[in-house]
Structure formats: structure tokens, C-alpha cells
Amino acid sequence: MQFSVGVEYAFHSLFYMVDLPKGKTIGIKQIAELNAISETYLSKVFNKLSKSGVVRSVPGVKGGYELARPSEDITFWDVIEAVEGPSFFFQCAEIRKKNIFVNDPSVFTDKCPCLIKVVIHEAESLFRESLKSKSLRWLYDQVCGDFTEGKKEAITEWIKAL
């Protein structure tokens, strides 16, 4: 399983939005410059984040994006699902129904699910639950705890200049 680079772009971008002052927004251009990433691709990522309710677009001259809800209410899974979509990673094609040793493929119903699919979906569910247990606030607090005072001040000044 592999996530697109959009997931990484999303997390690194949302990180700097966690403590934005009320009424302050950040533009795609500023975030792209901050992380030295493609503005075009980041815009696509933010469209997905906006549609899923992770961020909110604020129109106007001083417009941009802000978190749509408190950072402690935005989980890792919320961000991943917004960027990658809600479907399970494993998509069972039910090839067992086409096996040359199967005489009656109609026996394979919801009452007789593919065990491979069952096991992988169970693992995916555990994976999702783990990602739902961590929030953007948790990430921010963990990472900022290691920042020097100088770095914290530099970030604050960068945000003020937006």
C-alpha cells in the first residue's frame, strides 16, 4: 500500500494552520513556497480537503484557507481519506468464482465471503482506527515540543506576515 505524495503535502501544509489566529487564513501560494512544493498540485489537494470539510476556503483579498474545525477534531484518517478517497485499499475481484475447480460459483455469496478479503479488510479497519486516534493537534504538539525558541519565533513571525 502506498499513499500519494498529496497525503504528505496535506499534513505538512495543515501543520502550519493548527495555530493560525482566529480570522487569519493562509494561501496556497504561501504554503507551496513554505514547503517548496508544486502550487498546482497543492491546490488540487486543498480542493479535496475543502470538499471533505477539513479546511474551509475564505474568499476575498485576504482570503485563503483555514481549518474547518478544531485541530483536535481532525484525525490523521480524516486527512488521508480526504486526499485518497474513502474506499478500502484492497478491492476483491472475486476471482474465486472463475476458478476452474469451482462447479457452482453462485455458492459464493455474502454468507460465504472471500476469506482473503475478510482478513485484509479487518487489518485495514485496525489501521484506520489507529489513524483516527491521532489528530492534527497531537501532531503539532509532538513536533513543536522539539522546536527551539528561535524556530518557534520564526514561525510566529512568518504567520504574522501572511
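In α2, the residues Ile-28, Ile-31 and Ala-32 are buried (under 20% relative accessible area with a 1.4 Å probe, protein chains only; exposed is over 50%, partly exposed in between). Looking down the α2 axis, these buried residues sit within an arc of 100°, so they line one face of the helix (the arc is that of the directions from the helix axis to the C-beta atoms). This is a predicted model, where local features need pLDDT of at least 70, side-chain atom pairs count only at pLDDT 80 or more, and totals for chains, interfaces and linings use all residues. Residues are numbered from 1 along each chain as its sequence is written, and side-chain values use heavy atoms, leaving out hydrogens and water.

**Around α2**
- The buried residues of α2 pack against α1, α3 and β2; helices (H or I, at least four residues) and strands (E, at least two) are DSSP runs, numbered from the N terminus.

**The largest nonpolar core**
- This core has 38 residues, and Phe-11, Leu-14, Met-17, Leu-42, Phe-46, Leu-49 and Val-55 touch the most other members (a nonpolar core is a set of buried Ala, Val, Leu, Ile, Met, Phe, Trp, Tyr and Cys residues joined through side-chain atoms within 4.5 Å).
- Leaving out neighbours within four places in sequence, Phe-46 is in contact (heavy atoms within 4.5 Å) with Ser-13, Leu-14, Met-17, Ile-28, Ile-31, Val-55 and Tyr-65.

**Gly-64**
- Gly-64 belongs to strand β2 and is buried, at 11% relative accessible area.
- Not counting residues up to four places away in sequence, Gly-64 touches Thr-25, Ile-26, Gly-27, Arg-56, Ser-57 and Val-58.
- Gly-64 and Lys-97 lie 33 residues apart in sequence and 51 Å apart in space, C-alpha to C-alpha.
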